[in-house]
Amino acid sequence: MSESDNRFPPQKLEPIKVELGERSYFVHFDEDWREILASYSDRKIAIISDRNVASHHLLTWKNILPNAVDLVLPPGEKTKCSKNLEEIYNFLVAKNFSRDGMIIALGGGVIGDLAGFAAATFMRGMDFVLVPTSLLAMVDAAVGGKVGINLPLGKNLVGAFHQPKAVLVDFQHLNTLPVRDWLCGLGEMFKYALISGEIDFQHILSGIEKCKPCESWECARNIRKCIEIKAGIVSRDERETQGERIILNFGHTIGHALEAATEFHTFCHGEAVIAGMAGALFMAEQRRILPTDDFHRLLSTLSKFPFPTFKEMVTTQQLVDFIMHDKKVQRGRVRFVLLEAVGKVRVVQDISDDELSSAVTFALNFVAHR
Ligand SMILES: NC(=O)c1ccc[n+]([C@@H]2O[C@H](COP(=O)([O-])OP(=O)(O)OC[C@H]3O[C@@H](n4cnc5c(N)ncnc54)[C@H](O)[C@@H]3O)[C@@H](O)[C@H]2O)c1
Ligand SMILES: [Zn+2]
């Protein structure tokens, strides 16, 4: 491979179509999106962002869209709440937006979910475009149309399915992403590697070791591959009714509970999901679904992810209580995505209380004893 093949962004990446009939849209890469934006130039546009992202990137967007108005919110998971949702509504009213206006969500998954939910509900729905700026948002949150906010009682408990008009991925945004958020994105990529068997583990491992956003053709291709996997699943099961989309929830049942139980300020989403995947792997191994050797091998990779110091006294029972509020609970039974082998998952719904408690305890110990 020549030196120029290693540049970042590398060669042109083909857009990915999310096939959803009349709600289909494309994920565009690199500079493709400038043309897309030009086609919106006659629309009234509100850019919603957070302080971290805006400090690096808002000016670029304001230069491209000089007539757009902007609202910059505080960063962090706590921003994804009803108070900020109302702030967006008030902002749109104050700026005389009607439903033919458009929101551009410029940020990570928090801004995408929150601004997307505002777009889904303001005046019964307006268009929005997602510009994911974190690795996690690129590989996961920006595709699929799940938008929403958290309640103190749990993650994403209020939300909607509202597909964006387009997703614009610009790898340059990753240059300013903090290391911790880079690792969170790698955690979500690890999920794709486990459930699909189509992502190279080695790439993820070297990303953890280098501890900084990698700038390689391989990295861009892996990001695109994750998006392609998600776009395929969403196209086949947009509203999680066909049994396929739920596999993207691997590691999330315990992960979401951990985020909520620590009031959304101890762990980033990606970190909580890494702990949740450890718990789910343990449950599969205990059930003899996942061979013990594979369990230890995969767990040792997960152990390479660093975690924040965890001092809170969160008990297994507290996490189990949060899990029982999860949207995946049907008639009092939790649905769990378990791994049989890399690239092969099984959804189970016959989890006993003891089994759930053991997996949650395992995940808590995984985080605490490091
Ligand atoms: N809708 C979905 O399908 C879906 C899927 C996965 C995750 N999510 C949601 O996404 C959220 C997590 O996403 P996230 O990890 O992107 O969180 P985030 O939006 O909080 O971003 C993480 C941090 O990185 C900062 N940041 C983002 N891009 C940056 C950049 N380019 N430069 C500098 N700083 C930058 C943010 O300000 C924030 O501090 C969770 O709320 C999760 O529930 C949604
Ligand atoms: Zn996630």
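Which side chains meet in a salt bridge at 3.0 Å, N to O, with E198? The partner of E198 is K225; a salt bridge is a side-chain nitrogen of Lys or Arg within 4 Å of a carboxyl oxygen of Asp or Glu. E198 sits in the loop between helix 6 (179–196) and helix 7 (201–210), and K225 in helix 8 (residues 217–236), 27 residues apart.

This is a predicted model, in which local features need pLDDT of at least 70, side-chain atom pairs count only at pLDDT 80 or more, and totals for chains, interfaces and linings use all residues. Residues are numbered from 1 along each chain as its sequence is written, chains are lettered from A and ligands numbered from 1 in the order in which they are written, and side-chain values use heavy atoms, with hydrogens and water left out.

The whole structure holds 22 salt bridges. One of them joins K80 and D113 at 2.9 Å, N to O. K80 lies in the loop between strand 4 (69–73) and helix 3 (82–94), while D113 belongs to helix 4, 33 residues away. K80 counts as buried because its relative accessibility is 3%, where buried means under 20% relative accessible area (1.4 Å probe, protein chains only). D113, at 13%, is buried as well.

Both residues also meet ligand 1. An N or O atom in the side chain of K80 is 2.8 Å from an oxygen atom of ligand 1, and one in the side chain of D113 is 3.0 Å from a nitrogen atom of ligand 1. The protein covers 92% of the 860 Å² of accessible area that ligand 1 has on its own (Shrake-Rupley method, 1.4 Å probe).

Methods. A polar contact is a pair of N or O atoms within 3.5 Å; within protein, one must be able to donate a hydrogen and the other to accept it, and residues adjacent in sequence count only if both atoms are side-chain atoms. Helices (H or I, at least four residues) and strands (E, at least two) are DSSP runs, numbered from the N terminus. Buried means under 20% relative accessible area, exposed over 50%, partly exposed in between (1.4 Å probe, protein chains only).
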